[in-house]
Amino acid sequence: METMSATFRPLSDGQLLDLPGTLPVLDPATEEVIAHVPDCTSELLDATVQAAQAAFSGWSRTTQAHRRERLETLAARVLEHADELALLLTREQGRPLAMAKSEVLGCVHWCRSFAQMALPVAERTDKSGMAWTTRRVPLGVVAAIAAWNFPLMLAFWKLAPALMAGNTVILKPSPFTPLATLRMGELAANLFPPGVFNVLCGGDALGPWLTAHPGIAKVAFTGSTATGRRVMASAAPTLKHVTLELGGNDAAIVMPDVDPAKVARKLFMGAFLNSGQVCIAAKRIYVHDAIYDAFAQAFAAAAHAVLMGPGTREGVMLGPVQNRPQYERVKELIAATKTAGHRFLAGGEVPEGPGYFIPPAVVDNPPDDARVVVEEPFGPIVPLLRFSDVDEVVRRANDSEFGLGGSVWSGDVEQARAIGARLETGTVWINSLHLLDPQSPFAGRKQSGIGAENGVEGLLEYTAIQTMVG
Ligand code: NAD
């Protein structure tokens with residue numbers, strides 16, 4: 001495929017900057033360089049923080065109605081350019097075009113939904129006649145840092161509530177997937193006063209500069225748990241607020257009273273959507289002994305039948321792994337799983353490139369301490385695990401440092417809810433997976449995160465409390 005002729009420009013202080021593109025961006029389906037983006041310097045970051053601080057004074061005092069209207073205009077502009085943004089996402093991220101389009105439409109929906117939310121005000125008068133008013137006020141400059149698996153969606157989950165609450169924003173995409181985000185920044189450039197919304201891209205140094213910068217009041221971060229720890233440490237010296245959406249190792253529990261073939265087909269996509277690079281993918285699938293064999297057969301059949309290829313090709317369901325380091329990590333995990341003697345029901349062989357393609361790998365009932373069970377692979381490999389008792393499976397599901405999501409599959413919804421309530425996770429799905437809604441908070445427990453995104457709770461993460469007495 002051809003290199004893109006478009007230039008990708010950071011947005012700082014209302015200006016789209018024509019800087020030399022020095023960082024290559026690859027198409028993971030071909031490993032060809034498709035574009036170059038600038039590597040923003042610490043001087044540019046300083047200037048951008050200053051501009052965002054200066055803009056805060058005015059923006060934070062605009063009415064919620066004004067901010068609502070601006071966000072709705074941004075949503076409309078993204079919608080107008082949905083096809084172009086989706087193609088950029090597919091080229092840089094790898095996933096099928098239809099799924100990339102869903103991500104863009106999701107951004108529009110989330111942006112509009114946050115635009116409708118209001119900051120609560122609590123008022124009361126005490127016995128002496130004194131008025132007590134508690135407001136939620138914006139924090140200042142927000143650094144929004146996104147991962148490469150859903151570049152635009154993760155950006156909108158942060159920028160929309162942050163701007164709606166009256167903050168100014170510096171958004172940083174992953175160096176692996178900056179293109180759609182930079183293009184979106186270009187679309188937004190004249191929608192906000194200079195300095196209110198900024199998009200900077202760069203190499204590995206830019207994230208740490210942002211999280212340590214004394215001019216930044218809050219860091220909203222999505223990425224791995226390991227990086228989340230570094231972000232929190234880096235935010236500590238200036239006591240920045242943080243929201244951390246981190247890794248997961250979600251268990252799916254399949255009870256014996258379901259149709260195994262039907263649930264296997266659903267859970268197959270629940271595990272392998274976006275080639276397994278989903279924080280809330282089913283990453284450990286516990287299947288009751290009574291239906292394990294039938295389930296495993298149907299699950300492996302789905303793995304053999306699925307069409308893998310470049311996301312731009314018609315009918316493709318699974319694209320490549322997004323980047324070389326992740327590709328190497330998943331290949332290493334497959335090799336280690338083989339070396340440990342665990343059996344594969346599908347996959348396990350990785351074809352020669354070009355492209356970071358890994359056929360979906362399904363591991364047959366490895367022991368609980370196998371790496372493929374304990375670690376978050378974040379790629380197309382999943383273990384199926386037998387269980388025979390509810391208490392036992394709940395204990396095994398909870399035996400993890402992660403606590404992001406989980407699912408229970410059963411014909412008896414009440415029983416499934418009772419099991420789900422025992423999972424130590426921020427979200428539990430019953431007979432479904434991956435359902436998220438801007439109205440409901442999404443949060444990780446344990447080492448899957450701190451704070452929440454989405455819902456009014458997500459909006460309030462971008463505020464401080466101010467109580468006025470008198
Ligand atoms: P990552 O932690 O490597 O990078 C995430 C972002 O942080 C990137 O923009 C990166 O450039 C930046 N970054 C890297 N080091 C940094 C540092 N020291 N300080 C500040 N920023 C830094 O994560 P990834 O590999 O891009 O994403 C995959 C991980 O993200 C998985 O673990 C996945 O489960 C998790 N994830 C979580 C959610 C969620 O909502 N909980 C959603 C999507 C992905």
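Two strands count as paired if DSSP finds at least two bridges between them. Helices (H or I, at least four residues) and strands (E, at least two) are DSSP runs, numbered from the N terminus. The model on the screen is predicted: local features need pLDDT of at least 70, side-chain atom pairs count only at pLDDT 80 or more, and totals for chains, interfaces and linings use all residues. Residues are numbered from 1 along each chain as its sequence is written, and side-chain values use heavy atoms, with hydrogens and water left out.

**Stop 1**

Angles run from 0 to 180 degrees between N-to-C directions, and axes are lines fitted to C-alpha atoms, for helices over the stretch in contact.

Start with strand 5 (residues 121–125) and strand 6 (residues 131–138), which run antiparallel and are joined by 5 bridges. Find A122, which stands opposite T134 in strand 6. The two strands form a hairpin with 5 residues between them. In the turn, click on G129, which has a positive phi of about 90 degrees.

Now move to the other side of the pairing. Strand 6 pairs with strand 24 (residues 463–469) in the antiparallel sense over 7 bridges. Which residue of strand 24 stands opposite R136? It is I465. T133 has M468 in strand 24 as its bridge partner.

In general, strands of a sheet pair through backbone hydrogen bonds, either parallel or antiparallel.

**Stop 2**

Select helix 2 (residues 64–80) together with helix 4. Their axes come within 9 Å and cross at roughly 170 degrees. Helix 2 is therefore roughly antiparallel to helix 4. Angles over 145 degrees count as roughly antiparallel, under 35 as roughly parallel, 65 to 115 as roughly perpendicular, and the rest as oblique. Contact, meaning heavy atoms within 4.5 Å, involves residues including L71, L74 and V78 of helix 2 and V104, V108 and C111 of helix 4. By class, this contact has 10 nonpolar, 1 polar and 3 charged residues. Ala, Val, Leu, Ile, Met, Phe, Trp, Tyr, Cys and Pro count as nonpolar, Asp, Glu, Lys and Arg as charged, and the others, Gly among them, as polar.

Among the residues in contact are W110 and F114 of helix 4, and F156 and W157 of helix 5. The contact of helix 4 with helix 5 has 14 nonpolar, 1 polar and 1 charged residues.

Next, show helix 5 with helix 6 (residues 179–188). They pack at an angle of about 45 degrees, with their axes 8 Å apart. Helix 5 and helix 6 are therefore oblique to each other. This crossing is also right-handed. P151, L152, F156 and L159 of helix 5 meet A180, T181 and M184 of helix 6. These residues divide into 6 nonpolar, 1 polar and no charged.

**Stop 3**

The 7 strands form an open sheet in the order 14-15-16-13-12-18-19, and the pairing is mixed. Strand 14 (343–346) and strand 19 (427–430) stand at the edges with a single partner strand each, so one side of each is left without a neighbour in the sheet. Neighbouring strands of this sheet are turned by 25 degrees against each other on average, direction ignored.

Zoom in on strand 12 (residues 250–254) and strand 13 (residues 282–288), which pair in the parallel sense over 5 bridges. D250 stands opposite A282 in strand 13.

Definitions and conventions. A crossing is left-handed if the near helix is turned anticlockwise from the far one by less than a right angle, and right-handed if clockwise.
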